[in-house]
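Biologist: Hi! Could you walk me through this one with me?

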Amino acid sequence: MAEETPLTVVTCTAPVNIAVVKYWGKRDEELILPINSSLSVTLHQDQLKTTTTAAISRDFKEDRLWLNGEEANVGHPRLQSCLREMRRLARKRRGGSAGAAAPLSLSYKVHVASVNNFPTAAGLASSAAGYACLVHTLARLYGVEGELSDVARQGSGSACRSMLGGFVQWLMGERPDGKDSVAQQVAPETHWPELRVLILVVSAEKKPVGSTAGMQTSVDTSRLLKHRAEAVVPERMAQMIQFIRQRDFEGFGQLTMKDSNQFHATCLDTFPPIFYLNDISRRIIALAHRFNAHHGKTKVAYTFDAGPNAVVFTLADTVDEFVEVVKCSFPPESNGGQFLRGLPAGPALLSEELLSTVVLEPVPGAIRYILLTEPGPGPQPLDDPNLHLLGADGLPRLSA
């Protein structure tokens with residue numbers, strides 16, 4: 001871009017990730033350092049993504065932020081951490097190459113607009129996608145390269161895992177400064193092409209106890225959480241990586257379910273206890289176990305984060321049948337809305353035996369919709385200027 005251009009604009013998208021070995025609990029609140037390592041699957045941005053535009057101009061009077069069209073508090077401490085750190089890295093890079101032209105004055109204020117194409121704060125890892133997107137976008141804006149997952153981590157712990165595609169581990173690290181608490185890719189999104197992910201949206205409401213408050217209470221009060229972090233997770237990380245590398249769905253699925261159940265057990269062991277699962281969540285768990293028992297092997301595997309929505313992993317050849325089972329178990333309200341969103345699924349005929357042993361008491365309308373997706377890549381730049389969320393004046397476009 002020519003130097004006389006008043007506005008420098010960059011737009012990127014970033015993915016949601018779903019942990020299969022859960023992160024719950026920090027050893028350092030400020031730097032967001034976890035008490036255990038974790039492992040996640042990055043979901044495809046064709047179905048779930050955050051889009052962020054960042055712009056700088058000498059004309060901007062102050063840093064400003066818009067989330068899903070509404071102006072938001074730019075002074076949020078975690079947002080400030082990321083901005084400060086990105087500007088520091090940009091300054092460091094400038095200092096390192098004395099000859100480099102620096103048309104982008106680092107004293108210029110930044111405007112940031114971000115939109116999610118899914119419900120925010122409903123247990124769908126919106127903060128992870130949001131902060132990964134912010135950091136990736138600012139990195140391109142300021143020309144910063146290299147390890148950035150530790151910057152994203154300072155916005156939202158799990159955001160460091162959304163900086164990469166496919167299967168990602170977040171190493172807890174040991175250093176007090178957190179420099180070794182970073183994300184690493186275990187396998188790319190192309191590694192397991194048959195893997196599919198179904199998100200069963202029970203509720204799109206905000207959760208009653210936010211993750212930040214919830215996990216600190218757990219660290220302070222749950223003996224089980226301490227045991228989990230020290231004695232259980234290290235072995236599970238090694239096993240999960242092995243199952244993923246071998247594309248062993250039986251092992252992957254069982255461990256995913258066990259780890260989800262243990263995470264929710266630590267929430268229950270917190271004092272006062274935290275309940276993220278609701279009655280429908282528990283019905284989905286029971287349904288998955290009946291479905292697997294019917295088939296005599298692990299065909300579907302559930303996991304739940306800090307909210308009631310189920311994420312179900314399965315293989316492509318099981319999708320049609322399981323979607324049909326979910327429809328029979330939780331008949332959709334006929335509100336004309338699309339019950340299955342995302343990737344398409346075909347029709348399936350269920351046997352009488354399956355219906356009688358797996359679909360017990362249908363609960364109409366309990367699941368709002370199903371989103372079908374698959375593993376996907378990390379953050380991506382959007383080069384089409386028509387996709388910028390900010391206009392030439394640095395303010396949100398009306399269509400955005």
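Modeller: In strand E14, valine 311 is the bridge partner of threonine 303. This is a predicted model, where local features need pLDDT of at least 70, side-chain atom pairs count only at pLDDT 80 or more, and totals for chains, interfaces and linings use all residues. Residues are numbered from 1 along each chain as its sequence is written, and side-chain values use heavy atoms, with hydrogens and water left out.

Biologist: Thanks! How many bridges join E13 to E14?

Modeller: Four, with E13 (residues 300–303) and E14 (residues 310–315) running antiparallel. Strands here are DSSP E runs of at least two residues and helices are H or I runs of at least four, numbered from the N terminus; two strands pair if DSSP finds at least two bridges between them. A hairpin of six residues links E13 to E14.

Biologist: And are the E13 side chains buried or exposed?

Modeller: Val300 and Tyr302 point one way, Ala301 and Thr303 the other, and all are buried (under 20% relative accessible area, with exposed over 50% and partly exposed in between, using a 1.4 Å probe and protein chains only).

Biologist: Switching topic: which strand pairs with E7 in the parallel sense?

Modeller: That's E9 (residues 109–116), which pairs with E7 (residues 64–67) over four bridges. Tryptophan 66 sits opposite alanine 113 of E9.

Biologist: What about E7 and E8?

Modeller: They pair in the antiparallel sense over three bridges, E8 being residues 70–72. Leucine 65 stands opposite alanine 72 in E8. Their hairpin has two residues between the strands, and asparagine 68 takes a positive phi near 50° there.
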